[in-house]
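Open the model in a viewer and keep the sequence panel beside it. The stops below are meant to be selected in order.

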Amino acid sequence: MHPILARPGNLAAYIAIWVPLGGLLAGLLAMQGVLGWFNAVIVAVPLSISYGFLCLSAWYVTGGSPVERTGALRVGVTAVAASLLSSALWLLIARAWLGLIASFGEWTDVTAPFRAAAPTFFGFGFLLYLLAMAVSYLAAAFAVSRNAERRGLELQVLAREAELRALRAQLDPHFLFNSLQSISALTTVEPPAARRMCLLLADFLRETLALGSRDRIPLSAELALVRKFLSVEQVRFGDRLRVEIDADAAGDARVPPLLLQPLAENAVTHGVAHLIEGGVVRIRAERRVASLVITVDNPCDPDRPDGRGTGLGLRNVRERLESYGADAFLTAEERDGRFWVRVEIPLQERPVRETP
Amino acid sequence: MTDTLRIVIVDDEPLARAVVREYSEGDPGIDVVADCANGFEAVKAVADLKPDLVLLDVQMPKLDGFEVLELLGRDQAVVFITAYDQYALRAFEVHAVDYLLKPFSAERFQEAMQRARERLRAKTALPLEEIVRDAKPRTGPSERVLIRDGANVHVLPVDKIDYVEAQDDYVAFKSEGKQYLKDQTLAAVEGMLDPARFVRIHRSFVLNIDRIAKVELYAKDSRMATLRDGTRLPVSRAGYARLSELL
């Protein structure tokens, strides 16, 4: 939408500018002695306003985009051509207007004054159209920079939302309320343990919040988060939850944040929690030639009612893998009484610093 | 009953049991007769000890709180404990079942105990079937059948069931040469099992169609199904129609 036509107020202000410009044109004509002052005003002001409407087309000629996106040469050629064309068109309008005024009997011959005034009209029209185009380009550039600013703000808001979403996703109500229940129990039974649990939970939530909005984090940071989560769950489940993490062969690969935590959570809530004797949650990370392979596996109850719930955690992880496109894989299967999730992502390592 | 409330605590989390124990110890009117880490222990403890009240956690391994409730029957009062479960909470509200939300205070616990005493005095029974039915999201046909045998619980996966036979007030689930009796009607069993896998072939029999070896004409309007293990079961005319539709 044309920025001036978008609101009636804008259009009125714009037309108001063309009235003094018309006065200026009348002055030029009068000083050149082509027309008397009165006639010059009668001729020039309405024509000027009509040219104002004609100049609105400059916005469409510039395509509403700033100079740097179009290329200087093309801009120059287009501007000159459009200005020549529109001032020629304006000249035709001026001729018709003079004819109309003449028919009211002021003049009998309009050809002579038109010829005399034509160069002034043409020059005036040419320059003003160029000016209109320049203003259009400026306005477009201004709009682009304002959009960029707004997008920047929107991105900030989105990042903040991503953090909150990450937190909400981690905050399974069961997890939180059960943890609070454990703390409530420990306060009398074992006060130092209650404090440890509070601190663990606080650390876990804080790290989730901090990591959730980042693009890539070191695997070690993700594993630290997973260990905290599992430590909180171990307080709840006691001996039933055992944990084995082996990531020595993984180096310092980069991973999307919260890649493993949902898998660890699934392993507990849909695996170990359903078993009376509990079991071991195993996490292994290994570096291949060009990829990082992580497996999370846990024992599961073969008689449990069919797959309720594991879907959300796996979906969250799949979403996090989307940034790798077709280069990342996630497979999940039940085999030998255990549930296996295998994630493979392209190997990305911290840029190696050159040593002198 | 006398003044002492004999309770059994059932929760798979040791710390959760510890809280209830701690709150109970502050009240001379409460006697904790057992604490159980799972539903099997709970069924056994309740059968052996006949408590007045069971405090029952909803989320537990193998048998959840509602399955335990179904197995226990209505001889004792129940107060559910849960951290968060939207379906369960709705069912509790609808059927006025008392429940405790983790974490809960000693005052809230006392209140629940008081209400349980009143219920026991008034001998109001819980609408058991309705609670069990409403407390879980509908997830299609059952995948397993729970059968209580005294203090023991059998968990029978439905694909291990050969057929189900109506016997007087009971139904008998036949599986791998054994039979498990349950206090239920055959119509209820039929409604619970997957209609694509189980079919009522006769007034007294529901059959797992995977077990069929052959069906032969036996007499006019009556057929006989032979199962893979050689068992022969009668098939009524309506039963044969249902069976042909499925096969």
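Predicted model: local features only at pLDDT ≥ 70, side-chain atom pairs only at ≥ 80, totals over all residues.

Residues are numbered from 1 along each chain as its sequence is written, and chains are lettered from A and ligands numbered from 1 in the order in which they are written.

**Stop 1: a helix pair.** Select residues 37-55 and 72-103 of chain A, which are helices α2 and α4. Helices (H or I, at least four residues) and strands (E, at least two) are DSSP runs, numbered from the N terminus. The two axes come within 10 Å and cross at roughly 145 degrees; axes are lines fitted to C-alpha atoms, for helices over the stretch in contact, and angles run from 0 to 180 degrees between N-to-C directions. Now show the side chains where α2(A) meets α4(A): among them are I42(A), P46(A), L47(A) and Y51(A) from α2(A), and L89(A), W90(A), I93(A) and W97(A) from α4(A). Contact here requires C-beta atoms, placed from the backbone, within 7 Å. By class, this contact has 13 nonpolar, two polar and no charged residues (Ala, Val, Leu, Ile, Met, Phe, Trp, Tyr, Cys and Pro count as nonpolar, Asp, Glu, Lys and Arg as charged, and the others, Gly among them, as polar).

**Stop 2: the cores.** Which residues have the most contacts inside the largest nonpolar core? They are A264(A), V54(B) and L55(B), in a core of 88 residues. A nonpolar core is a set of buried Ala, Val, Leu, Ile, Met, Phe, Trp, Tyr and Cys residues joined through C-beta atoms within 7 Å; buried means 20 or more other C-beta atoms within 10 Å of the residue's own, with C-beta atoms placed from the backbone. Helix α8 of chain A, residues 219-237, gives this core its largest share, nine residues. Centre on A264(A): residues that it touches include V226(A), F229(A), L230(A) and V281(A), not counting residues up to four places away in sequence.

**Stop 3: chain B strands.** Select β8(B), residues 163-167, and β9(B), residues 170-175: five bridges join these antiparallel strands. Strands pair if DSSP finds at least two bridges between them. E165(B) has A172(B) as its bridge partner in β9(B). Two residues separate the strands of this hairpin, and D168(B) in the turn has a positive phi of about 50 degrees.

Note on methods. Contact = placed C-beta atoms within 7 Å. Buried ≥ 20, exposed ≤ 12 C-beta atoms within 10 Å, placed from the backbone.
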